[in-house]
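Subject: Structure handover

Hi,

Here is the structure I promised you. Please open it before you read on, and keep it in view while you go through my notes.

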Amino acid sequence: VQLQASGGGLVQAGGSLRLSCTASRRTFSSYDMGWFRQAPEKEREFVAVITLNGIRYYADSVKGRFTISRDNAKNTVYLQMNSVKPEDTAVYYCAVFVGGRYYDINNYRGWGQGTQVTVSS
């Protein structure tokens, strides 16, 4: 499956942004989907995951501020980012979760190009 993330940009601290990730396959509805992010000179880290049944898990750093959702009819998963902080600045990536520990990057496949999010203070 090919994934394309979009929706990034420059936003002020405290603002909102919605990222989208569109899959190329119609079988998207059978995939668990996740978001990761990578800040400059840091490792890629887990942000959120949503299962095909709609179960969600979040990193502690974004819990209560970010919301992951999906629209199977559009083959798209979203990441609604509210109350953003400068430390949210990163390239955001989506990928397919293939099972195991949901926070483990090794359990994800199909990484596409990310989308840059920059939060100004």
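How many bridges pair strand 9 with strand 11, and in which sense do the two run? There are three bridges, and the pairing is antiparallel. One of the facing pairs is Tyr 92 and Thr 115, the latter in strand 11. Before you go further, note that this is a predicted model.

**Strand 9 and its partners**

Stay with strand 9, residues 90–97. Strand 11 is one partner. Strand 4 is another: seven bridges link strand 4 and strand 9, again antiparallel. Look for Phe 36 there. Its bridge partner in strand 9 is Tyr 93. Strand 10 covers residues 108–109 and is joined to strand 9 by two bridges, also antiparallel. Here Phe 97 has Tyr 108 of strand 10 as its bridge partner.

Is strand 9 mostly covered or mostly open? Mostly covered: seven of its eight residues are buried.

**The core**

Now turn to the largest nonpolar core. It has 36 residues. Four of them touch the most other members: Met 33, Trp 35, Leu 79 and Tyr 92. Eight strands are listed as giving two or more residues to this core, among them strand 1 (3–6), strand 4 (32–38), strand 5 (45–50) and strand 11 (115–120). Which strand gives the largest share? Strand 9 does, with six residues.

Pick out Met 33 and look around it.

**The disulfide**

How many disulfides does a search of the whole structure find? One. It joins Cys 21 to Cys 94, with 1.9 Å from S to S. The two ends come from distant parts of the chain: Cys 21 is in strand 3, Cys 94 is in strand 9, and 73 residues separate them. The link is right-handed, with 70° about the S-S bond. Are its ends buried or exposed? Cys 21 has a relative accessible area of 0%, so Cys 21 is buried. Cys 94 is at 2%, so Cys 94 is buried too.

Look at one pairing in detail. Strand 7 and strand 8 run antiparallel and are joined by six bridges. Thr 67 stands opposite Gln 80 of strand 8.

The loop between strand 7 and strand 8 holds Asn 75. Asn 75 is not a glycine, yet it has a positive phi of about 55°. Its relative accessible area is 15%, under the 20% limit, so Asn 75 counts as buried.

Move on to the loop between strand 8 and strand 9. Ser 83 lies in this loop. Ser 83 also has a positive phi, about 50°, without being a glycine. Is Ser 83 buried, partly exposed or exposed? At 41% relative accessibility, Ser 83 is partly exposed.

Asp 88 is in the loop between strand 8 and strand 9 as well. Asp 88 is buried, with a relative accessible area of 0%. What is Asp 88 in contact with, leaving aside neighbours within four places in sequence? The partners are Arg 37, Arg 65, Phe 66, Val 117 and Val 119. Finally, compare Asp 88 with Gly 100. The two are twelve residues apart in sequence, and their C-alpha atoms are 26 Å apart in space.

Best wishes

Conventions: Residues numbered from 1 in each chain as written. Predicted model: local features only at pLDDT ≥ 70, side-chain atom pairs only at ≥ 80, totals over all residues. Heavy atoms only, no water. Helix = DSSP H or I, 4+ residues; strand = E, 2+ residues; numbered from the N terminus. Buried < 20%, exposed > 50% of the residue type's maximum accessible area, 1.4 Å probe, protein only. Contact = heavy atoms within 4.5 Å. Core = buried A, V, L, I, M, F, W, Y, C linked by side-chain atoms within 4.5 Å. Pairing = 2+ DSSP bridges. Disulfide = S-S within 2.5 Å.
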